[in-house]
Amino acid sequence: VPARPEGRLALYPTTDVSAAVEKLVQMLGSAQTALTENMLNDVLGRVMQRTRELVGASRCTLYIANRGAKEMWSLVTDLQQVDRPPVEQSPTASVRVAENTTLRFPMAAGLAGWSASTGQSVRVPDAYKDSRFHAEVDQQHPSFTTASTLCVPLFAPGEKNACAVIQLLNKVGADQFDEDDEELLRTIAAHAWPAVQKCSLFVQL
C-alpha cells in the first residue's frame, strides 16, 4: 500500500500508511492466538478503532454475516463520539438494538447487507439518496446521522460468500470516501478474516 500525501492522515499519528497497516496486521495476528472471547473482542475493537482513525471516519463497524439466519449482526462498533442510548423500539422494527448495543438486521436490508449478499464493495456519498440504505439503524440512534458510507466484504480463502463486512460511516475531512480509502480498507479486510472466523466459532460455542 503506497504512502499517502501529507495531511491525509490527520487523525493518525503517522503518515506512513504502509507502517500503519503493518501494525494492524500484527494486531490481527495476535487476535488469532487470543484464548478467550473477551480477549478476541478487545483486539478486534482496537483494530476497528485504528481502522477508523487511519481511513478517517466517524464510525467503524464489523458486521458478521449469519447466512443461516439471513441476518447481519454487529460484532464490534467503534465511534468517534459516544452515541446516546438507543430510543425505545417498535415491536415490529426489523432492526433490533440489544442492551449491549448490538445491531441486528436482515441481510437483505442496508448497504452492509448488500455488500455481504453480493460480495462487492460499495462506496456511497449520500446514504439517504441510495435505495439500498436502511434508515432504521439511524432511527435507533438519533444522535448519529449517516452521510457517506464505505463497505468492504471479508472472505475466507476459497469461499465465494462473504463471512463479514467492515463498514465505515461519514468520512472525516471530506464529503465522501475515495478509491484510496476503499483500497486501504480492502487491504485491512484481507487480513481480518481469521480473527472474525475465530470469533464466530466462539459465538457458536
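## Tyr63 and Phe105

In this predicted model, Tyr63 and Phe105 are both buried. The model contains two aromatic pairs. One of them joins Tyr63 to Phe105 in an edge-to-face arrangement, with 5.3 Å from centre to centre and 75 degrees between the planes. Tyr63 belongs to strand β1 (residues 57-66) and Phe105 to strand β4 (residues 103-106), so this pair ties together parts that lie 42 residues apart in sequence.

## Arginine side chains over aromatic rings

Two arginines are placed over aromatic rings, as described here for Arg59 and Arg132. Arg59 lies over the face of Phe144, at 4.2 Å from the ring centre. For Arg132, the charged end sits over the ring of Trp114, and the distance to the centre of that ring is 4.5 Å.

Gln167 is located in strand β7, which covers residues 164-171. With a relative accessible area of 9%, Gln167 falls under the 20% limit and is therefore buried.

Once neighbours within four places in sequence are set aside, the contacts of Gln167 include Arg59, Cys60, Thr61 and Tyr63. Leu111 and Ala112 are also among the residues in contact with Gln167, as are Thr149, Leu150 and Cys151.

## Cysteines

A search of the whole structure returns zero disulfides. A disulfide is a covalent bond that links the sulfur atoms of two cysteines.

## Confidence of the model

The protein chain has a mean pLDDT of 75, and 64% of its residues reach 70 or more. Among the elements of the chain, the highest mean pLDDT, 97, belongs to strand β5 (residues 122-124), while the lowest, 34, belongs to strand β3 (residues 96-97). The pLDDT is below 50 over residues 81-100, a stretch that has 39 contacts in the model beyond near neighbours in sequence.

Residues 201-205 form another stretch in which pLDDT stays under 50. For these residues the model has six contacts beyond four places in sequence.

Notes. Residues are numbered from 1 along each chain as its sequence is written. This is a predicted model: local features need pLDDT of at least 70, side-chain atom pairs count only at pLDDT 80 or more; totals for chains, interfaces and linings use all residues. Side-chain values use heavy atoms; hydrogens and water are left out. Rings of Phe, Tyr and Trp (its six-membered ring) pair if their centres lie within 6.5 Å; planes under 30 degrees apart count as stacked, over 60 as edge-to-face and the rest as tilted. Helices (H or I, at least four residues) and strands (E, at least two) are DSSP runs, numbered from the N terminus. Buried means under 20% relative accessible area, exposed over 50%, partly exposed in between (1.4 Å probe, protein chains only). A charge sits over a ring if NZ of Lys or CZ of Arg is within 6 Å of the ring centre and within 35 degrees of the ring normal. Contact means heavy atoms within 4.5 Å. pLDDT is the predictor's confidence in each residue, from 0 to 100. A disulfide is a pair of cysteine sulfur atoms within 2.5 Å.
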